[in-house]
Amino acid sequence: MNQAVAAGDQRLSALPLPRSNYEKFPCVEVPGHECRVGWDAIARELADALSRCGSPAPKVVVECYPGVDEGEIAAALAARLEAAQIFLAAEALKTPAEIDRLAEPYLGGDDPVFGFICPLELRDFFDEDRLTELRSQAGMSQGLVLIVGCGAALIELDADLVVYADLARWEAQLRFRRNQSSNLGADNPDLATQLQYKRAFFVDWRVADRFKTPLLASCDYVLDTNKAAAPKLASGEAVREGLHRAASRPFRVVPFFDPAPWGGQWMKEVCDLDRSAKNYGWCFDCVPEENSLLLGFGEVRDFEIPSINLVFQHPIDLLGEKVHARFGPEFPIRFDFLDTIGGGNLSLQVHPLNEYIRDKFGMAYTQGESYYMLDAAPDACVYLGFKTGVDPAAVIRDLEAAQVDPSQPFPAEAYTNCFPAKKHDHFLIPAGTIHCSGSGSMVLEISATPYIFTFKLWDWARLGLDGKPRPIHLGHGKEVLQYDRDTEWTKRHLVNRIEAIASGDGWSEERTGLHESEFIETRRHWFSGRVDHDTKGNLNVLNLIEGREAIVESPSDAFEPFVVHYAETFIVPAAVGAYTIRPHGASLGQRCATLKAFVR
């Protein structure tokens, strides 16, 4: 056992941890539909569909999201469907050098993390003459034509069958890490993972999502390609029904867990993860831009699609009219976990102000956030705000010196407040506030969604998981630090701003945040009996922060009862309206609590 794991075990032993009942693979059941698993079954399904179309020279388009293994799809289907001709959309792409020039203005130069949101369309990546040529060749075929790739639908605008081959962003990132994938139109599988991710975040995914949205609304089939050599095919109708069901009842997305240089040991136990892993630092428990949504078709309960598809297809049902009018088809609330119990401090950091993130990066709003202490070791703390009377010039001078000579560490406690943290404390972190979760904390982070916009100021002279220093963005950070958020201001405005709202038989409601400059409101409900909730046409995101198990029900039986477990985040779409939550199972007769977030 390594020292970090041993230290984590010692700190965990001081905490009364529940036996894990955390569901890592939640599923939205879609009755009355089924899916095909494996290439043989998929090919038979497509052949049956083609036999009904009646065309002597049918055309099949398999449109692919960036990162999908287009070669696997083309080879598997060509061999089984006896295609007369096969066209790869990549043949019509502009050259990698031309595409690099297209992407370059949105990649932030030498910045390893930040770029600018790309407004381009997928067609901009293609050579129009080559598209016309391939379209003409496909039109002259005397047999089945198979067109595969990102942009395949640009070649054949009126295909007999359209299949959308999808991929979750999280799996796309793992393929970058394994050097298995290049960026859209690029030949860069060996590029540093962080740079591939940056290009995907600012360019590839923006372009592909614009193209995907109308196709999902009309395609004949959806192909789940998240597991190599284990594809699954469902009809477009079935997938759209699954999305409709998710948008009309409580549901969960699929959480994913990742190690971190500062990662801890708490999630291993509570979320039942690999005990032999060095640590787990992050869990994205509700970040629909990156998470997956599992649909259940009969015995197959793991048909996987990006959960952002739900936002694209049912934005008003999910978000509500007012939230959609404000943010468009974006999910504005993010819940994730940061585990430092048995680990180290997070980086000392700050988030950009609204005008800064808009002007520098093309984002519409910034990452205001908060730390809710789901659990805490006895010595846990949170760094938050500057100490009263600090000299801004001295702060920047010492931060700059620490980057030049790591043997001269930044004296964080000389400049920033360090507040003791205990379970159920809530620390509010409006943009511009210097902050950092210390070691010994299990943080439920509640924030707005622009989740990569963290300006690291000091990383405690440690290396990242790749053995290299993590990027520091002091140049950006010093432009947004708010020095007037001193000790007195921080205590008064950001630490445990708990306000009683209402109470009833067996329940009470408190407002816990976020800061008035942020658009997210959080409410904590303590309850030993039933609590009545109502979305009032507004997206709700909740986590069961206390209690073993609770059940979410519809007063009008509009959806099936939905059971949630300790530490699970769940989404209640705006369209749900009235719903109730009460203790369930092992929690009957005990006090439970939820933390709910919604847009003000």
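Helix H7 (residues 169-177) and helix H8 (residues 193-216) have axes that come within 10 Å and cross at roughly 145°, where axes are lines fitted to C-alpha atoms over the stretch in contact and angles run from 0 to 180 degrees between N-to-C directions. The model is predicted, with local features needing pLDDT of at least 70 and side-chain atom pairs counting only at pLDDT 80 or more, while totals for chains, interfaces and linings use all residues. Residues are numbered from 1 along each chain as its sequence is written, and side-chain values use heavy atoms, with hydrogens and water left out.

**Helix packing**

- H7 passes H8 in a right-handed crossing, a term for the near helix being turned clockwise from the far one by less than a right angle; helices are DSSP runs of H or I with at least four residues, and strands are runs of E with at least two, both numbered from the N terminus.
- On the H7 side the contact (heavy atoms within 4.5 Å) is made by Arg-169, Ala-172, Gln-173, Phe-176 and Arg-177, and on the H8 side by Thr-193, Gln-196, Tyr-197, Ala-200, Trp-205 and Asp-209.

**Aromatic pairs**

- The whole structure holds 27 aromatic pairs, counted when ring centres of Phe, Tyr and Trp (its six-membered ring) lie within 6.5 Å, with planes under 30 degrees apart called stacked, over 60 edge-to-face and the rest tilted.
- Phe-114 and Phe-455 form an edge-to-face pair, because their ring centres are 5.4 Å apart and their planes stand at 85°.
- Since Phe-114 lies in the loop between helix H4 (96-103) and helix H5 (128-139), and Phe-455 in strand S21 (residues 455-458), this pair ties together parts that are 341 residues apart in sequence.
- Phe-114 is buried at 2% relative accessibility, and Phe-455 is buried at 0%, where buried means under 20% relative accessible area, exposed over 50% and partly exposed in between (1.4 Å probe, protein chains only).
- Phe-386 and Tyr-483 are stacked, at 4.6 Å centre to centre with 20° between the planes, and they link strand S16 (residues 381-386) to the loop between helix H17 (474-480) and helix H18 (487-494), 97 residues apart.
- Within that pair Phe-386 is buried at 0% relative accessibility, whereas Tyr-483 is partly exposed at 22%.
- Ring pairs also join Phe-114 and Phe-455 into a cluster whose members include Tyr-197 and Trp-205.

**Charges over rings**

- The charged end of Lys-212 sits over the ring of Tyr-65, 4.4 Å from its centre, a description that requires NZ of Lys or CZ of Arg within 6 Å of the ring centre and within 35 degrees of the ring normal.
- Arg-252 likewise has its charged end over the ring of Tyr-22, 5.2 Å from the ring centre.
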